[in-house]
Amino acid sequence: MELTVWGIITALIVGLIVGALGRLLVPGRQNMPMWLHMLIGVGAALLGTVLARAMGIATETAGIDWGELLVQVVLAAIAVALVAGVGRRRSVTHR
C-alpha cells in the first residue's frame, strides 16, 4: 500500500463525510469542533473497513460499498456519542 497525497486527501474527505453522517445519527447537540468530527470519521472509516473485511461484508466493487459504509457510519456515531458524552459537564444546582 502506497501512501500518496491523493490518498491522504481522500481519507480526509471520506472521514469528514463519515463523521458528519455519524453526527447526524446521534440525537441532541454535540459541541465538538469540525476537526474532531473529521478525526473521528477517519478513525471510524479505517476501523470500519477492517471490521467489514473481517466480517466478510466488504467487497471489491467499482462503486460505493454500502455495507462497508454502513459499518463505518455506525462506528462514527458510537464514537461521536461517546466523545460528546464524555465532554459534557454535569451541572450542579445550588439551592
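Colleague: Which helix is G19 found in?

Modeller: G19 is found in helix α1. Please bear in mind that this is a predicted model.

Colleague: Is G19 buried or exposed?

Modeller: G19 is buried, because its relative accessible area is 0%, and the cut-off for buried is under 20%.

Colleague: What does G19 touch, leaving out residues up to four places away in sequence?

Modeller: With those residues not counted, G19 touches H37, G41, A76 and V80.

Colleague: And how far is the C-alpha atom of G19 from that of L36?

Modeller: The two C-alpha atoms are separated by 8.7 Å, while G19 and L36 are 17 residues apart along the chain.

Colleague: You mentioned H37. Where is H37 found?

Modeller: H37 is found in helix α2, which covers residues 34-55.

Colleague: Why is H37 classed as buried?

Modeller: H37 has a relative accessible area of 2%, and therefore falls under the 20% limit for buried residues.

Colleague: Which residues is H37 in contact with, leaving aside neighbours within four places in sequence?

Modeller: H37 is in contact with G15, G19, R23, M32 and V80.

Colleague: Turning to the nonpolar core, which residues make up the largest one?

Modeller: Seven residues form the largest nonpolar core: V26, M32, L36, I40, A77, V80 and A84. Helices α2 and α3 (66-87) are the elements that give two or more residues to this core. The most comes from α3, with three residues.

Colleague: What does A77 touch, again not counting residues up to four places away in sequence?

Modeller: A77 touches G22, L25 and V26. Of these, V26 is also listed in the largest nonpolar core.

Colleague: Now the surface. Which residues make the nonpolar patch?

Modeller: V5, W6, I9, I13, I17, L21 and L24 make a nonpolar surface patch of about 740 Å². L21 is found in helix α1, residues 5-25. L21 is partly exposed, with a relative accessible area of 35%.

Colleague: Which residues does the UniProt annotation "transmembrane region" cover?

Modeller: According to the unreviewed UniProt entry, the annotation covers residues 6-26, 38-57 and 69-87.

Colleague: How much helix is there over residues 6-26, and over residues 38-57?

Modeller: Residues 6-26 are 95% helix and 0% strand, with the end C-alpha atoms 30 Å apart. Residues 38-57 are 90% helix and 0% strand, and the end C-alpha atoms of that span lie 24 Å apart.

Conventions:
Residues numbered from 1 in each chain as written. Predicted model: local features only at pLDDT ≥ 70, side-chain atom pairs only at ≥ 80, totals over all residues. Heavy atoms only, no water. Patch = residues over 30% accessible without salt bridge, like charges linked within 9 Å, V, L, I, M, F, W, Y side chains within 5 Å. Areas by Shrake-Rupley, 256 points an atom, 1.4 Å probe, with all protein chains shown as cover. Salt bridge = Lys/Arg side-chain N within 4 Å of Asp/Glu carboxyl O. Helix = DSSP H or I, 4+ residues; strand = E, 2+ residues; numbered from the N terminus. Buried < 20%, exposed > 50% of the residue type's maximum accessible area, 1.4 Å probe, protein only. Contact = heavy atoms within 4.5 Å. UniProt positions renumbered as here; feature names shortened; annotations may be inferred. Core = buried A, V, L, I, M, F, W, Y, C linked by side-chain atoms within 4.5 Å.
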